[in-house]
Amino acid sequence: MAGLLALSRTIDRVNEFIGRWISWLILLAILVSAANAIIRKVFDTSSNAWLELQWYLFGAAFMLAAAYTLKQNDHIRIDIVYGMWSRRVQHWIDLLGHLFFLMPFVTLMVIYFVPYVSLSFRNGEMSNNSGGLIIWPAKAILLVGFFLLALQGISEIIKKIAIMRGDMDDPTPFISAHEQAELEAKALAEEAKALAQETRP
């Protein structure tokens, strides 16, 4: 198990590094969008390349950060049902979900996208829009995103088994939306109390 946990930690570090840095693409997409809007309004000109670049940047941020989101346990789930069970049952739900839903899906996507990207690259596929960008980098982003998600799925399966065996602590303990709201309200109340004491004459 030690070797598998070492593999899991390596995958986690890679996806955390990518996830943290890829978030800057959102800022870049905003800047491109703003520049494109200003140029269009001021100079009455634009290009489909600028519009497609926005889509590429946003798509890259979404796909390449998906594995990091899974690592952080931030994907959407139905907490009202999930939160009804004990933490051990929740671990079983997560493990079976990863094994029978996540991994088959991402594996299929990786297998499907390899020839899809390869064909696009060999043909030098271009956008159908006038002045548009080349297409294969966008398709390659999809392939890389699903590959990273598959790796993170393997890491999550390893961690779930280790947690259930007692070989490691739970890195993402479940907190329901109600509990989260209570914690936030308590933190705000303490912050307001501390502020009131500071401003008291």
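Mentor: A helix here is a DSSP run of H or I with at least four residues, and helices are numbered from the N terminus. Glu156 sits in one of these, helix α7, which covers residues 136-165. Keep in mind that this is a predicted model.

Trainee: How do you know that α7 has the span expected of a helix with its number of residues?

Mentor: Take 1.5 Å times one less than the number of residues. α7 has 30 residues, so the expected span is 44 Å, and the distance from its first C-alpha to its last is 44 Å, close to that expectation. After α7 comes Gly166, with a positive phi near 85°.

Trainee: Back to Glu156. Why is Glu156 called buried?

Mentor: Buried means under 20% relative accessible area. Glu156 has 9%, so Glu156 counts as buried. Setting aside neighbours within four places in sequence, Glu156 is in contact with Asp12, Leu70, Lys71 and His98.

Trainee: What makes Lys159 and Glu156 a salt bridge?

Mentor: The cut-off is 4 Å between a side-chain nitrogen of Lys or Arg and a carboxyl oxygen of Asp or Glu. For Lys159 and Glu156 the N to O distance is 2.9 Å, so the pair qualifies. Both residues lie in helix α7, three residues apart, or about one turn of the helix. Asp12 joins Glu156 and Lys159 in a network of salt bridges.

Trainee: How many salt bridges does the whole structure hold?

Mentor: A search finds six. One of them pairs Lys71 with Glu16, with their closest N and O atoms 3.1 Å apart. Lys71 is in helix α4 (residues 66-71) and Glu16 in helix α1, so this pair ties together parts that are 55 residues apart in sequence.

Trainee: Are those two buried or exposed?

Mentor: They get separate labels. Lys71 has 15% relative accessibility, which is under 20%, so Lys71 is buried. Glu16 has 22%, and that falls between 20% and 50%, so Glu16 is partly exposed.

Trainee: And what makes Lys160 and Asp94 a salt bridge?

Mentor: Their closest N and O atoms are 3.0 Å apart, within the 4 Å cut-off, so the pair counts. Lys160 in helix α7 and Asp94 in helix α6 are 66 residues apart, so the bridge links distant parts of the chain. Both Lys160 and Asp94 are buried.

Trainee: Let's turn to the rings. Why is the pair of Phe17 and Trp21 called tilted?

Mentor: A pair of aromatic rings is described by the distance of the centres and the angle of the planes. The centres of Phe17 and Trp21 are 6.4 Å apart, within the 6.5 Å cut-off, and their planes are at 50°, between 30 and 60 degrees, so the pair is tilted. Both residues lie in helix α1, four residues apart, about one turn of the helix.

Trainee: How do you know that Phe17 and Trp21 are exposed?

Mentor: Exposed means over 50%. Phe17 has a relative accessible area of 54%, so Phe17 is exposed. Trp21 has 56%, so Trp21 is exposed as well.

Trainee: Which patch do these residues belong to?

Mentor: A nonpolar surface patch of about 700 Å², made by Phe17, Trp21, Trp24, Leu27, Leu28 and Leu31. The elements giving two or more residues to the patch are α1 (2-22) and α2 (24-43). The largest share, four residues, comes from α2.

Trainee: Why is the pair of Tyr112 and Tyr116 called stacked?

Mentor: Their ring centres are 5.6 Å apart and their planes are at 20°, which is under 30 degrees, so the pair is stacked. Both lie in helix α6, four residues apart. Tyr112, at 48%, and Tyr116, at 31%, are each partly exposed.

Trainee: Which residues do ring pairs link into a cluster?

Mentor: Phe105, Tyr112, Phe113, Tyr116 and Phe146. Phe146 is in helix α7 and has 12% relative accessibility, under 20%, so Phe146 is buried. Leaving aside neighbours within four places in sequence, the contacts of Phe146 include Met63, Phe105 and Phe113.

Methods:
Residues are numbered from 1 along each chain as its sequence is written. This is a predicted model: local features need pLDDT of at least 70, side-chain atom pairs count only at pLDDT 80 or more; totals for chains, interfaces and linings use all residues. Side-chain values use heavy atoms; hydrogens and water are left out. Buried means under 20% relative accessible area, exposed over 50%, partly exposed in between (1.4 Å probe, protein chains only). Contact means heavy atoms within 4.5 Å. Patches are made of residues with over 30% relative accessible area and no salt bridge: like charges are joined within 9 Å, nonpolar side chains (Val, Leu, Ile, Met, Phe, Trp, Tyr) within 5 Å. Accessible areas come from the Shrake-Rupley method with a 1.4 Å probe; for residues, only the protein chains shown count as cover. Rings of Phe, Tyr and Trp (its six-membered ring) pair if their centres lie within 6.5 Å; planes under 30 degrees apart count as stacked, over 60 as edge-to-face and the rest as tilted.
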